[in-house]
Amino acid sequence: MTTEAAPPPSSPGAPPATPAAEEFVRVQQSPEFAELRRAHRSFAFPLTVAFIAWYLLYVLLSNYAGGFMGTKLFGNINVALVLGLGQFATTFLIAWLYSRHAATQLDPKASAIKARMEAGE
């Protein structure tokens, strides 16, 4: 169900109106936003490349180094199982590191940008 009615006028104490597209473009070109992007990229890209390399190493070893991957370490535990479980451990480690990085580095910068936009600065 759609309506053609205009939004109600804002009353005192109401949340500010949505910023115009020009405001988003201006903020996107600001040094603060560039710093936020740099902080995200400098963390996310290297970890993504490292994890993909680690994953591909595991896949290549599984395909082409069967003897090595089948090497028993202790009991029925072999190299392939340890490296496979290492994939899960690294996934959780990266998620935890990113969460910590976002909370300490990205969120404060994004909140400051958002507060300035909402204040109309």
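Modeller: The account below goes from the chain as a whole to one helix pair and then to individual residues. The model is predicted, so local features need pLDDT of at least 70, side-chain atom pairs count only at pLDDT 80 or more, and totals for chains, interfaces and linings use all residues. Residues are numbered from 1 along each chain as its sequence is written, and side-chain values use heavy atoms, with hydrogens and water left out.

The protein chain has four helices and two strands, where helices (H or I, at least four residues) and strands (E, at least two) are DSSP runs numbered from the N terminus. Their order from the N terminus is α-α-α-β-β-α. Of the 121 residues, 15% are buried, a term for under 20% relative accessible area with a 1.4 Å probe, protein chains only.

The part in question is the pairing of helix 2 (residues 31-64) with helix 4 (residues 79-119), whose axes lie 10 Å apart at an angle of about 175 degrees. Axes are lines fitted to C-alpha atoms, for helices over the stretch in contact, and angles run from 0 to 180 degrees between N-to-C directions. Helix 2 is therefore roughly antiparallel to helix 4, the term for angles over 145 degrees. The residues of this contact comprise 18 nonpolar, seven polar and four charged. Here Ala, Val, Leu, Ile, Met, Phe, Trp, Tyr, Cys and Pro count as nonpolar, Asp, Glu, Lys and Arg as charged, and the others, Gly among them, as polar.

The largest nonpolar core consists of seven residues, namely Val-27, Leu-36, Ala-39, Ala-102, Leu-106, Ile-113 and Met-117. Such a core is a set of buried Ala, Val, Leu, Ile, Met, Phe, Trp, Tyr and Cys residues joined through side-chain atoms within 4.5 Å. Helix 2 and helix 4 each supply at least two of its residues, and the largest share, four residues, comes from helix 4.

Gln-87 also belongs to helix 4. Gln-87 counts as buried because its relative accessibility is 9%. Leaving aside residues up to four places away in sequence, Gln-87 touches Phe-51, Trp-54, Tyr-55 and Tyr-58, contact meaning heavy atoms within 4.5 Å. A polar atom of the Gln-87 side chain lies 3.5 Å from the backbone oxygen of Trp-54.

Ser-30 sits in the loop between helix 1 (21-28) and helix 2. With a relative accessible area of 13%, Ser-30 is buried. The Ser-30 side chain reaches the backbone oxygen of Val-27 at 2.7 Å, and Val-27 is one of the core residues.

Methods: Angles under 35 degrees count as roughly parallel, over 145 as roughly antiparallel, 65 to 115 as roughly perpendicular and the rest as oblique. Buried means under 20% relative accessible area, exposed over 50%, partly exposed in between (1.4 Å probe, protein chains only). A polar contact is a pair of N or O atoms within 3.5 Å; within protein, one must be able to donate a hydrogen and the other to accept it, and residues adjacent in sequence count only if both atoms are side-chain atoms.
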